[in-house]
Amino acid sequence: MNARPVFKSRTTLFGRLLLYFLVVLIVPLGLFSAYYALIGGRNQERYLKNQTLNLVLNDADQVSTVLETYRHKAYQLSTDPLVVSILRTDRLSSDSPESRFLYQLLFSTMRGDTYLASANLVSNSGKVRISTHTFPEVYDLRYHGNTWDMNSIISQNEDVSPTASLISIRGHRTADNGKQVVASILRRVYDEDGTNLGYLVLDLYAEALSGQVNQDQLLDDLLLVDTKEFYATSLLQSDDYGTFDKFPFLSELKGNYRQAALRTGTSITAISQIPGTSLYLAGSVNAVPFEESLDRWFFAFSITMLIGTFLALVLSLLFSRSISRPIRDLAHRMGEVEDGKLQSKEVTSAISEFAKLEHSFNLMVRQIASLLELTREEQQKLSEAERKALESQMNPHFLFNTLNTIKALAKLHGEQEIYTITVKLGKLLRSTIDNHESESTLEESMNLIDSYLTIQKLRFGDKLVTDVFLDPSCASVKTPKLIIQPLVENAIIHGLEPKRGEWRVTVRVERHEGRIFITVQDNGVGFPPGTLPDNLDELANSTHVGVYNIYRRLLLKYGRKMHLSIDSKTGEGTTVRISFPDDASDAKGVTNEL
């Protein structure tokens, strides 16, 4: 007996279990931790940038809508004939009808918005000063030379075009009603001749814009920005306004005011132009809470990894102890069997799986011992069978010699039918007992069919009509032997012999679109549905041995690309169709149909 192989040092069961537990418990957590540590921060910052920019874009559209609404009101008032007429005369008595009509016009145009904005009308001389609220002193053109005039949108834009509505945020102030003015809209009033008569100013209070933005309350601050004057005012905290030096993150833009989101210190800032204006909207979100949340996640992952490592150690130790002992016992038993000791032992393991394994191993040992005994007996029987097979080889030669003798006598006495039957029977017999080749060409198979049908015609006479056709291109195609003759024999024995009247058998072999088609058809008695199973594999345990034998041999050669169908109607006959690719090497599967 060969010596046992020497095994190199290998990992212990405890080590392997520990490794598996670490892989299952720790590796996913480690991957998540590594992801959050290496990529999570960047992904979170990218997400915050996208979210902040989307919020600012949405709010910019809202602010644009509000500004466009008030800009339209300014246009209506500045072009109204009554306003033009009053500013042209440059005088207005408080108790005059014109005064009453003018106030009606102002309040009707500003209907519903007087708590959000004020409309102010002033002539070039300052004599006419009308407002929906208290007229702001900053728009009193009689004192145009004062230093605080530079806070006036009129003083800032003396040369505004006749058709333009100018929007400015530099005139931020507290109105007499206590509201914060965050933006002003200016239009010049002209007569038909193009003479400037005065100005119309709409002051927008903080509520006009702040109520339309930051609906989700996700932004920490939202600034209305004038990039030409480097001035900004907060829409969320109306007391915060001024030049860019009061808002450091605006200075970090470094003159690049294209639509974007960027990191500025501990915040994420996004900026976008307000559609239809030269103003911009900048919003910011404090990133510190999100970063702290990320740190908490990372800490939780770390704690979980430590706990998982401890559990892996404990579970590996417990499992290895419960598993290693029965494995060692079984390995010892295998070593005994390897040494030739084929005695079985009782099952001792308390673990059901190992008990089954030990039971199976003991059963295998008993079967090996039994098989060894059977092998010795089979060797004796095989020797006897080989001797008898050598003796029986003379039988086919004796039968052929006998047929040749009959054929010679029939020819000598002029018995043509006996001579023909003997010749055809010899061909059939030679094809049946020739075991040197498992395949034959279709031409050889059809020659066999011709011999068989010749014998049957001599037997049944003109009652049997046959139609045999072989496509010349199919003659050299090789198939398993005897796949057509049994079908023809079944057609005559089971289909035609019980039938009265004319018998017809058709056998055709054709090629079409790269496939070989074999058809065996009779007009016999047929058989009712359900006689054969839907799945031809079920014929293995039936009496239809011939059909199943053909099916199995075709299946082994052509696989799933072989198709075999049997169609039969009671009283009308049966048709068997076989098709397969003409290149057997391309076959990969099987289909069958009844």
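Modeller: Two strands pair if DSSP finds at least two bridges between them, and the strands (E, at least two residues) and helices (H or I, at least four) are DSSP runs, numbered from the N terminus. Bear in mind that this is a predicted model, where local features need pLDDT of at least 70, side-chain atom pairs count only at pLDDT 80 or more, and totals for chains, interfaces and linings use all residues. Residues are numbered from 1 along each chain as its sequence is written, and side-chain values use heavy atoms, leaving out hydrogens and water.

Let's zoom in on strand E6. Strand E5 (residues 180-190) runs antiparallel to E6, with 9 bridges joining the two. Within that pairing, Leu 186 faces Val 201 of E6. E5 and E6 make a hairpin with 5 residues between them, and in the turn Gly 194 has a positive phi of about 85 degrees.

E6 also pairs with strand E1 (residues 117-123), again antiparallel, through 7 bridges. Here Ser 123 is opposite Gly 198 in E6.

Lys 73 belongs to helix H1, which spans residues 13-78. With a relative accessibility of 12%, Lys 73 counts as buried. Neighbours within four places in sequence aside, Lys 73 is in contact (heavy atoms within 4.5 Å) with Leu 202, as well as Thr 109, Met 110 and Asp 113. Take Met 110: it is 37 residues away from Lys 73 along the chain, yet their C-alpha atoms are separated by 7.4 Å.

For a second sheet to set beside this, look at strands E7 to E12. These 6 strands form an open, antiparallel sheet in the order E9-E8-E7-E12-E11-E10. Strands E9 (241-243) and E10 (260-264) are at the edges with a single partner strand each, so each has one side left without a neighbour in the sheet. Further in, 5 bridges link E7 (residues 221-226) to E12 (residues 280-286), and these two run antiparallel.

Methods: Buried < 20%, exposed > 50% of the residue type's maximum accessible area, 1.4 Å probe, protein only. Contact = heavy atoms within 4.5 Å.
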